[in-house]
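Subject: Structure handover

Hello,

Here is the structure I promised to pass on. My notes follow below it.

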Amino acid sequence: MNTFKDNMTGKKIKIRIEKYRNYTFGSLVPLGTTTLDRLIDIFEHPSAQKTKRLEGRAAPRFAALPESGPVAVKFFKRGGWLSRFNRERYLRTFKTRSRKEFEFLFLAAEAGVPVPAPVAFASRGSLVYRAWLITGAIKEAVPFVRLCQDEKDKALALMPEISSHIRVLIQQGIFHVDLHPGNIIVGKDDKPYIIDFDKACQCSFTGPELAAKYQRRWIRAVRKYSLPDVYGNLGLTEIDS
């Protein structure tokens, strides 16, 4: 199926699917062969750079594409004990993980939530596959968790804005399962962007139920990484059904 539903308008959004050099690419606009070759070269020559704790499982690669300008390329990699045996391969069920994240980024952006612009997704393999996501690059982005540790006043000033974006996700019934201070980045413009919708899902919880789930996940991360308690309250308790 090469469409998905836009929650805001109810319209079906068509995705362009293209097979190229044993890879499957999906995008909303055509991608030229120069772009596809450049992306495949990045896929096949990943960086050895690692990220710090709570800042994701692998650092993205950055590139400039003719169709979209600067982009970040995300490599889907497992975490936890399973990564010792299987670091980057997934079993296909319905949609690939990169496609699902691409669609949720689009839905969040359409609802007005600041996220990296979804550019394309890619995978290689049939039943067992590897996956990549290409998004617009956020200039000079800093993980919010780092601000919490190093620039307390600036981080606290951003908390109401972050809470307002989470409220929009709740209104749209989007549950970002792994939303924590490491999955928010702050750009050069001091604007917070929500990232890593890898495990997001559309759910039928009421507003208060979904708000409680966001709050519990957030405060677990705040405590786990020894951040000050002042960062723990997202201010979602008054959300109505």
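Does V128 count as buried, partly exposed or exposed? V128 counts as partly exposed, because its relative accessibility is 46%. (Buried means under 20% relative accessible area, exposed over 50%, and partly exposed in between, with a 1.4 Å probe and protein chains only.)

Two notes on the source. This is a predicted model: local features need pLDDT of at least 70, side-chain atom pairs count only at pLDDT 80 or more, and totals for chains, interfaces and linings use all residues. Residues are numbered from 1 along each chain as its sequence is written, and side-chain values use heavy atoms, without hydrogens and water.

V128 lies in strand β9, residues 128–136. (Strands are DSSP runs of E, at least two residues, numbered from the N terminus.) With L91 and L127, V128 makes a nonpolar surface patch of about 300 Å². Areas come from the Shrake-Rupley method with a 1.4 Å probe, and for residues only the protein chains shown count as cover.)

Now V71. It sits in strand β6, residues 69–75. V71 counts as buried because its relative accessibility is 0%. V71 and Y90 are 19 residues apart in sequence. In space they are 24 Å apart, C-alpha to C-alpha.

Best wishes

Technical notes
Patch = residues over 30% accessible without salt bridge, like charges linked within 9 Å, V, L, I, M, F, W, Y side chains within 5 Å. Salt bridge = Lys/Arg side-chain N within 4 Å of Asp/Glu carboxyl O. Helix = DSSP H or I, 4+ residues; strand = E, 2+ residues; numbered from the N terminus.
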